[in-house]
Amino acid sequence: MSTLTPAAPRRTTTRPAAFIAGPRRRGKSRMDPTRNNTAAGIGAWLLALLFAAPVMWMILTSFHSENDAATNPPSIAANLTLDAYREFFGETSGVSPWPSLINSATASILSTILVLVLAIPAAYALSIRPVKKWTDVMFFFLSTKMMPVVAAILPLYLFARTVGALDNIWFLILIYTSMNLPIAVWMMRSFLAEVPVEMLEAAQIDGAGLLLTLRKVVAPVAMPGIAATALICFIFSWNELLLARVLTGVVAGTAPVFLTGFVSGQGLFLAKVCAAAVVISLPVLFAGFAAQDKLVQGLSLGAVK
Amino acid sequence: MTTATARISRPGRNAATPSRNARSRERALAWARRAPLLPALIFLIIVTQLPFVVTLIISFLNWNSLSPDKTAFAGLENYATVLTDPDLRQAIFTTILLTVSVVLASLAIGLGLALLLDKKFIGRGLARTLLIAPFLVVPVAAALIWKHALLNPTYGLINGTLTWVWSLFGSGTPPQTDILSQAPMMAVIVSLVWQWTPFMMLILLAGLQSRPMDTVEAAQMDGATPWAIFRHLTLPHLRQYMELGGLLGAIYIVQNFDAVFTLTAGGLGTANLPYAIYQTFYFANEYGLASAAGVVVVIGTIIVATFALRTVFSLFKKEAAR
């Protein structure tokens with residue numbers, strides 16, 4: 001920090017007067033980000049706990065019995081039990097969530113693989129060896145993501161019904177692929193753009209072929225980005241409800257669809273709902289935290305590093 | 001940047017395919033460049049653009065699948081209905097209200113959180129992780145939790161906490177809320193703000209951390225107040241990040257279905273366009289009308305997007321100059 005201060009006098013002359021609040025001058029930095037800031041810390045922690053409270057409450061309630069879950073005031077210290085999880089996995093009802101969880105996993109994983117297969121070459125043609133007018137292509141990809149799903153869902157539904165692809169997981173996989181492809185292209189382009197041009201040139205001069213260049217130069221730099229892209233696409237597919245609700249039914253229904261049909265409205269079901277929410281959110285929580293350090297770059301489509 | 005890559009790609013190409021005709025070689029090169037792009041492009045056009053063209057066609061038809069024999073060309077009739085039907089007009093209004101309020105509120109709160117997390121304090125990493133958690137709950141699950149575990153008037157956590165706090169002061173008559181039936185729109189907005197604030201926070205925090213600190217230091221040396229620094233240095237720097245967060249958030253929130261479907265089932269004026277369209281074609285079987293409403297959403301999105309895209313483009317141009 002102190003090494004930067006010599007620059008200050010020079011700036012004094014160029015800065016507009018608006019920044020100068022008055023005759024007071026402070027020699028010491030007040031906003032030094034490396035300084036411990038107790039007030040900000042307390043504020044941030046209070047807000048963090050407030051934001052995490054619903055999640056923590058969901059987890060705690062899922063380990064309570066139905067009677068302890070539905071009390072006012074809440075019984076925080078009630079005995080812990082796995083009953084709600086047993087109920088969710090169909091101990092008394094006999095309705096197992098496993099088929100829907102497996103459908104979700106199938107749809108999310110396979111569509112993510114398809115997305116990567118299509119997005120990586122496309123991103124390559126938009127960054128490392130770009131086509132002419134590649135920015136136009138980028139914005140075409142983004143514009144397809146801006147088109148709301150509802151504007152295409154009816155033809156998709158009618159098509160699926162006509163060709164007998166309703167309630168078929170493969171049709172859902174194709175649709176999820178198209179849903180995530182624009183995002184993945186944007187993300188992958190930003191990750192591939194990080195491959196230094198000098199390294200590519202060096203590889204060319206050394207006579208490395210395309211495959212060798214991809215394997216030895218591009219892949220090591222792009223791998224964390226590919227992983228982050230895959231995790232984010234997985235999350236979006238896993239979370240999707242509207243398309244799954246319209247295009248699937250009893251056979252290919254995904255976990256979110258199962259969850260919407262899960263609340264009976266009869267008797268006490270709060271602990272069971274919390275257990276269901278925990279189980280279904282677990283893959284997303286894992287994927288999200290695994291991608292945490294690339295999450296911003298991924299979610300901002302590569303615009304923010 | 002094209003020149004840089006052309007420089008590296010040509011020698012290899014020349015050696016591999018020596019061609020006498022320079023123009024056909026150029027063309028072949030251009031297609032070699034395009035080839036990796038084509039599968040993704042073609043796939044996307046077939047799966048997203050083609051259906052939209054069909055939607056456009058259906059939107060001019062009077063088509064109810066329950067009475068298919070009455071299917072006929074309807075001209076602009078469906079569009080007139082979309083704009084005059086009280087429910088659909090309400091849905092347009094709800095969509096705008098929902099998107100604008102959720103984007104603005106989550107941006108504002110996200111900015112506050114990012115400013116706090118930009119400071120150093122004990123357990124900052126853990127606090128950041130806790131703050132991301134809401135974004136990583138499956139939206140349907142989050143909506144179910146809000147509906148049953150938090151907002152339930154009998155045993156939800158919010159009323160439970162009120163009872164508990166009031167009992168601390170010896171009061172047996174705590175105030176109790178019933179947001180779901182008294183202010184359902186508020187319930188949807190609050191649950192979505194809760195989910196989207198971490199997203200905005202992450203983007204704004206990245207923006208804050210890319211802020212050139214020497215200018216801030218210089219301003220401090222000149223005696224600028226923290227507010228002046230925030231107003232004249234931090235905020236202008238964050239502007240493009242806020243616009244980016246707002247745009248991306250809006251893309252997702254305009255299309256929100258999960259929260260509306262789960263929390264209120266579209267009741268009491270909370271049905272937004274995605275929900276209304278879903279109802280119109282899935283239950284009312286009014287294919288023509290649903291398609292017209294879908295086209296209206298797209299037109300609205302295009303209007304917003306042309307403004308928004310310009311912003312993204314300015315951010316993107318800098319990086320594209322590579």
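How many helices and how many strands are there in chain A? Select chain A and count 14 helices and 0 strands, where helices (H or I, at least four residues) and strands (E, at least two) are DSSP runs numbered from the N terminus. A caveat before moving on: this is a predicted model, with local features needing pLDDT of at least 70, side-chain atom pairs counting only at pLDDT 80 or more, and totals for chains, interfaces and linings using all residues. Residues are numbered from 1 along each chain as its sequence is written, while chains are lettered from A and ligands numbered from 1 in the order in which they are written.

Stay on chain A and colour by burial: 47% of its 305 residues are buried (20 or more other C-beta atoms within 10 Å of a residue's own, C-beta atoms being placed from the backbone).

Now show both chains. Here 109 residues of chain B are in contact with 107 residues of chain A (C-beta atoms, placed from the backbone, within 7 Å). Pick out helix 15 (residues 287-320) of chain B, which gives the most to chain B's side, with 14 residues.

Last stop: helix 3 of chain B, with a kink of about 35 degrees centred on I45(B). Its buried residues include L44(B), T48(B) and P51(B).

Terms used
Two residues are in contact if their C-beta atoms, placed from the backbone, lie within 7 Å. A residue is buried if 20 or more other C-beta atoms lie within 10 Å of its own, exposed if 12 or fewer, and partly exposed in between; C-beta atoms are placed from the backbone. The bend at a residue is the angle between axes fitted to the seven residues ending there and the seven starting there.
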